[in-house]
Amino acid sequence: MIYIGCGVIMFVIGVIWLIAPSPNPNRIYGYMSYLASVNEASYQYAQKVARNYFMLFGLIQTLLGLGIHFFFFFRYLLILLITFYLFIFAPIILTVKQLQAFLRARHE
């Protein structure tokens, strides 16, 4: 059930960022990191990439959680609890990698 709950939360965050993106850099709302705060273009790019990854990994995690629940894969609970954190960190890591490539392409 933790996969379903966290996946739904991540997906909803991505949808909220899709509907109402953060207009300016702030630490309360939207994706914020050092690379995202380099300039306005990198901030807007980071918002777009982060929302897409949050929706993607939220959907994957929710579907995985439903599969675990309906096919009774609870005997692998230790493996599931260890891999649970990968779905939380993956959107952040991939967003940083995309931002690095974006900024390198612009020579910033």
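In this predicted model, a cluster of aromatic residues is formed by Tyr3, Tyr53, Phe57, Phe84, Tyr85 and Phe87, which are linked through ring pairs. A pair of aromatic rings is described by the distance of the centres and the angle of the planes. The count of aromatic pairs in the structure comes to 7.

One of these pairs joins Tyr3 and Phe84: the ring centres are 5.8 Å apart and the planes stand at 75°, so the pair is edge-to-face, since an angle over 60 degrees is classed in that way. Tyr3 belongs to helix α1 (residues 2-19) and Phe84 to helix α3, so this contact ties together parts that are 81 residues apart in sequence. Tyr3 has a relative accessibility of 4% and therefore counts as buried. Phe84 is buried as well, with a relative accessible area of 9%.

A further pair is made by Tyr53 and Phe57, whose ring centres are 6.3 Å apart and whose planes form an angle of 50°, a tilted arrangement. These two residues are 4 positions apart in helix α2, which means that about one helical turn separates them. Both Tyr53 and Phe57 are buried.

The surface may now be considered. Here Phe11, Leu59, Leu63, Leu66, Phe70, Phe71, Phe73, Tyr76 and Ile79 form a nonpolar patch, with about 900 Å² of accessible area together. Helix α2 (residues 40-70) supplies the largest share of this patch, namely 4 residues. Phe71, another member of the patch, is located in the loop between α2 and α3 (77-105). Its relative accessibility is 60%, and Phe71 therefore counts as exposed, because the cut-off for that class is over 50%.

Note on methods. Residues are numbered from 1 along each chain as its sequence is written. This is a predicted model: local features need pLDDT of at least 70, side-chain atom pairs count only at pLDDT 80 or more; totals for chains, interfaces and linings use all residues. Side-chain values use heavy atoms; hydrogens and water are left out. Patches are made of residues with over 30% relative accessible area and no salt bridge: like charges are joined within 9 Å, nonpolar side chains (Val, Leu, Ile, Met, Phe, Trp, Tyr) within 5 Å. Accessible areas come from the Shrake-Rupley method with a 1.4 Å probe; for residues, only the protein chains shown count as cover. A salt bridge is a side-chain nitrogen of Lys or Arg within 4 Å of a carboxyl oxygen of Asp or Glu. Buried means under 20% relative accessible area, exposed over 50%, partly exposed in between (1.4 Å probe, protein chains only). Rings of Phe, Tyr and Trp (its six-membered ring) pair if their centres lie within 6.5 Å; planes under 30 degrees apart count as stacked, over 60 as edge-to-face and the rest as tilted.
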